[in-house]
Amino acid sequence: MKRSRIFCGFIALFLVGSAFGILFARVNPSSAEIIFSNLREFLGGNINESMDRFSLFTFIFFNNSRVAIISAIGGVLFGIVPAGILFFNGFIVGIVVEYFHLQGEDLLRIVLAILPHGLIEIPAFAVAGVGGVEWYFELVKGEGTLGERFLNGFRKSMKMLAIALVMLLVAAFVEAYITPTIASAV
């Protein structure tokens, strides 16, 4: 299977998850509010209003890097882990977007608070997942002994993970330094 098809599949799962999140928040706004409150409380313990931008940048980068590593390593399990990560992230994004929209927040402002860094961050998770899936395919269809296939797939996965980490570094910078300025301009 080609990388681009796997990548597009992962992006599609994120978008489907987002649609389900929006639908969930519309159908059950009280549950969406509980999920949003829990998410805010979870993140609130790590992120606060007085946090300087560099601390925010490092927090975002390390948190997202952990998710990308899980996605890359978990991709070896038939791609189930990165698929779940992307769908779940989409679901949460959908809930957050619709929650704020239902609270009367301007849709353009919501999109501008997510899109600048999201255009880099979500594809980075997909790239990490593609690496994991390539590892799986190398194990199953590769040439050589099981050990050789394992190492060859691991190398492929780590190359894709390295690309994803660079993307996440850029995304974290955008999220900490650029997104707040863009979103507050509206």
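Predicted model: local features only at pLDDT ≥ 70, side-chain atom pairs only at ≥ 80, totals over all residues.
Trainee: What does the secondary structure of the protein come to?

Mentor: It comes to six helices and zero strands. From the N terminus on, the elements run α-α-α-α-α-α. The radius of gyration is 18 Å, close to the 16 Å that the globule rule gives for 186 residues, so the protein is as compact as a globular protein of that length. Along the principal axes, the C-alpha atoms fill a box of roughly 60 × 40 × 25 Å.

Trainee: What percentage of the residues is buried?

Mentor: A residue counts as buried when its relative accessible area is under 20%. Here buried residues make up 38% of the 186 residues.

Trainee: Among contacts between residues at least 6 apart in sequence, how many percent join residues at least 24 apart?

Mentor: The figure is 80%.

Trainee: Let us take charged pairs, then. How many salt bridges are there?

Mentor: First the general idea: side chains of opposite charge can pair when their charged atoms come close. In this structure, the count comes to four salt bridges. One of them is between R3 and E134, with N to O at 2.5 Å. R3 lies in helix α1 and E134 in helix α5 (residues 107–141), so this pair ties together parts that are 131 residues apart in sequence.

Trainee: Are R3 and E134 buried or partly exposed?

Mentor: R3 counts as partly exposed, at 44% relative accessibility. E134 counts as buried, at 16%.

Trainee: Which residue does E98 meet in a salt bridge?

Mentor: The side chain of E98 meets that of R26, at 3.1 Å from N to O. E98 lies in helix α4 (residues 80–102) and R26 in helix α1, so the pair ties together parts 72 residues apart in sequence. E98 is buried, at 4% relative accessibility, whereas R26 is exposed, with a relative accessible area of 55%.

Trainee: And with which residue does E138 form a salt bridge?

Mentor: Its partner is K156, and the closest N and O atoms are 2.9 Å apart. The pair links distant parts of the chain, with E138 in helix α5 and K156 in helix α6 (residues 146–184), 18 residues apart. E138 is buried at 9% relative accessible area; K156 is partly exposed at 32%.

Trainee: Next, rings. How many aromatic pairs does the structure hold?

Mentor: To read such a pair, take the distance between ring centres and the angle between ring planes; planes under 30 degrees apart count as stacked, over 60 as edge-to-face and the rest as tilted. The structure holds 13 aromatic pairs. Among them are F24 and F91, whose ring centres are 5.5 Å apart with planes at 55°, so the pair is tilted. F24 lies in helix α1 and F91 in helix α4, so this pair ties together parts that are 67 residues apart in sequence.

Trainee: Are F24 and F91 buried or partly exposed?

Mentor: F24 counts as partly exposed, at 27% relative accessibility. F91 is buried, with a relative accessible area of 18%. Y136 and F137 give another example: their ring centres are 5.3 Å apart and their planes are at 55°, so that pair is tilted. F137 counts as partly exposed, at 22% relative accessibility.

Trainee: Which residues do ring pairs link into a cluster?

Mentor: F54, F57, F173 and Y177 are linked in this way.

Trainee: Which helix gives the most to the nonpolar patch?

Mentor: Helix α1 (residues 3–27) does, with four residues. V27 has its place in that helix, and V27 is exposed, with a relative accessible area of 65%.

Note on methods: Residues numbered from 1 in each chain as written. Heavy atoms only, no water. Helix = DSSP H or I, 4+ residues; strand = E, 2+ residues; numbered from the N terminus. Buried < 20%, exposed > 50% of the residue type's maximum accessible area, 1.4 Å probe, protein only. Phe/Tyr/Trp six-rings, centres within 6.5 Å; stacked < 30°, edge-to-face > 60°. Rg over C-alpha atoms; globule rule 2.2 N^0.38 Å. Contact = heavy atoms within 4.5 Å.
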